[in-house]
Structures are given as C-alpha cells and as structure tokens.
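Subject: Structure handover

Hello,

Please find the structure below, with its sequence. My notes on the salt bridges follow.

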Amino acid sequence: MENEGKQMSTFEQHILGFFETIHPLDQVKRAGYILRGVPEPESVAAHSHFVAVLTLLVCDECPDDFDRDKAIALALTHDLCESQLMDIPMPVADAHLKEAKDAAEQAITEQIFTGFDEKYAHYHQDFLDASTPEARLIRGLDKAQMMLKILMYQQEGKGRLKEFWLNPKNFNDFGIEAVSKIFDAICDAAGKPRPR
C-alpha cells in the first residue's frame with residue numbers, strides 16, 4: 001500500500017480518537033421518548049443534526065442577530081458529551097442532578113476536544129450558561145426541535161406525549177424572538193395552547 005509505513009500527524013490521531021469517542025451517538029436514543037413509549041425514537045446524533053438544520057435556517061432568517069459559524073458549531077457539538085454520559089431526561093436531571101450534570105458535561109466536552117481548538121469547550125460552557133446570543137439560540141432551538149419531534153410523533157400516534165405540552169420549560173425560548181415564533185407555530189399546528 002502506498003501509505004503503509006507513513007506516520008499519522010497528531011491532527012489525524014486526534015481525529016481518529018475523536019470519532020471513536022463520539023461514535024455511539026447514533027445509537028444513543030433520546031431517553032425521554034423511550035420512557036414515554038415511543039418506538040424507535042430519534043438518536044442524539046439525529047437530534048443534533050436537526051438542531052443544526054434549524055440553526056442554519058434561523059441564521060438565514062435573522063442574519064444580523066447571530067454569529068452564524070458559532071451558532072452552527074454549538075448546534076453540532078452541544079450534545080457530543082452524551083456519547084459518554086448518555087441522555088438523561090430533563091425532569092430527573094433538573095430535579096436531582098443539575099449542577100453535577102452540567103459539570104460532567106463540561107468536563108467530558110473538554111476531554112473530547114483535547115487537541116483541537118479550545119473554542120469548542122468554551123462554546124459549550126457558553127451553552128450551559130446561556131451567556132451569548134448564540135448559546136441562547138441553541139438552547140431555545142434544542143427545545144424547539146424536541147417539540148417539533150413531539151408534534152411529528154403525536155401525528156404518527158407514537159407514545160404517551162401529553163405531558164410535553166403541559167410543561168412551560170419545554171417552550172423556553174431563552175428570549176429569542178425567532179424561537180418564540182417557532183414555538184407558537186408548533187402549538188398552532190398541534191391545536192394546543194402554549195404553556196407559560
């Protein structure tokens with residue numbers, strides 16, 4: 001083979017390790033859907049992909065409101081830590097694990113990105129803190145994607161999903177008007193009031 005005996009650079013070594021670490025994400029199912037009887041629920045990888053697509057569209061719609069590159073980077077990387085931590089459903093995490101979960105997610109994200117630009121670990125801390133417009137956008141779109149998926153699952157007759165429509169935290173727009181309008185459209189499509 002032509003490349004036989006050639007040494008990989010440190011970058012390629014980091015890439016191989018990175019993808020070995022995040023490889024499970026297409027198998028990690030979103031736990032909240034499993035607990036509510038949704039057969040074959042989306043994976044964390046699918047969720048992140050959909051959040052990234054939503055981010056792309058919102059950044060197109062609101063070009064002066066967000067740093068597009070940062071927002072898309074956040075959308076793509078916000079749940080990579082779940083390759084190690086798995087998906088912990090929000091009610092349990094919020095009630096019992098919030099600070100510990102955030103600390104674990106940040107530590108895992110920093111470890112995953114060892115050898116790469118430190119900005120990704122900083123972006124993840126921004127995400128946890130909701131400290132920048134881009135972080136608030138992704139926090140809001142994270143919820144919006146979930147409720148879009150709930151709408152689709154409900155239309156397909158999958159799962160016991162009523163409680164999702166009753167929890168105001170599921171509709172947290174993090175002060176981003178574009179996200180708020182998406183939530184309003186989701187509720188209109190479902191024929192349900194938006195909980196406040």
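**Salt bridges**

Glu105 is buried, at 4% relative accessibility. Please keep in mind that this is a predicted model. The side chain of Glu105 forms a salt bridge with that of Lys101, with 2.7 Å from N to O. Both residues belong to helix 6 (residues 90-112), where a spacing of 4 residues puts about one helical turn between them. Lys101 is buried as well, since its relative accessible area is 17% and the cut-off for buried is under 20%.

In total, 11 salt bridges turn up in a search of the whole structure. Another of them joins the side chains of Glu42 and Arg30, at 3.5 Å from N to O. Arg30 sits in the loop between helix 1 (10-22) and helix 2 (31-35), and Glu42 in the loop between helix 2 and helix 3 (44-61), so this pair ties together parts that are 12 residues apart in sequence. Glu42 counts as buried at 5% relative accessibility, and Arg30 counts as buried at 9%.

A further salt bridge is made by the side chains of Asp184 and Arg196, at 3.7 Å from N to O. Asp184 is in helix 9 (residues 177-190) and Arg196 is in the segment after helix 9, so here too the pair ties together parts that are 12 residues apart in sequence. Asp184 is partly exposed, with a relative accessible area of 30%, whereas Arg196 counts as exposed at 71%. Asp184 and Arg196 also belong to a network of salt bridges that links them with Asp173 and Arg194.

Regards

Definitions and conventions. Residues are numbered from 1 along each chain as its sequence is written. This is a predicted model: local features need pLDDT of at least 70, side-chain atom pairs count only at pLDDT 80 or more; totals for chains, interfaces and linings use all residues. Side-chain values use heavy atoms; hydrogens and water are left out. A salt bridge is a side-chain nitrogen of Lys or Arg within 4 Å of a carboxyl oxygen of Asp or Glu. Helices (H or I, at least four residues) and strands (E, at least two) are DSSP runs, numbered from the N terminus. Buried means under 20% relative accessible area, exposed over 50%, partly exposed in between (1.4 Å probe, protein chains only).
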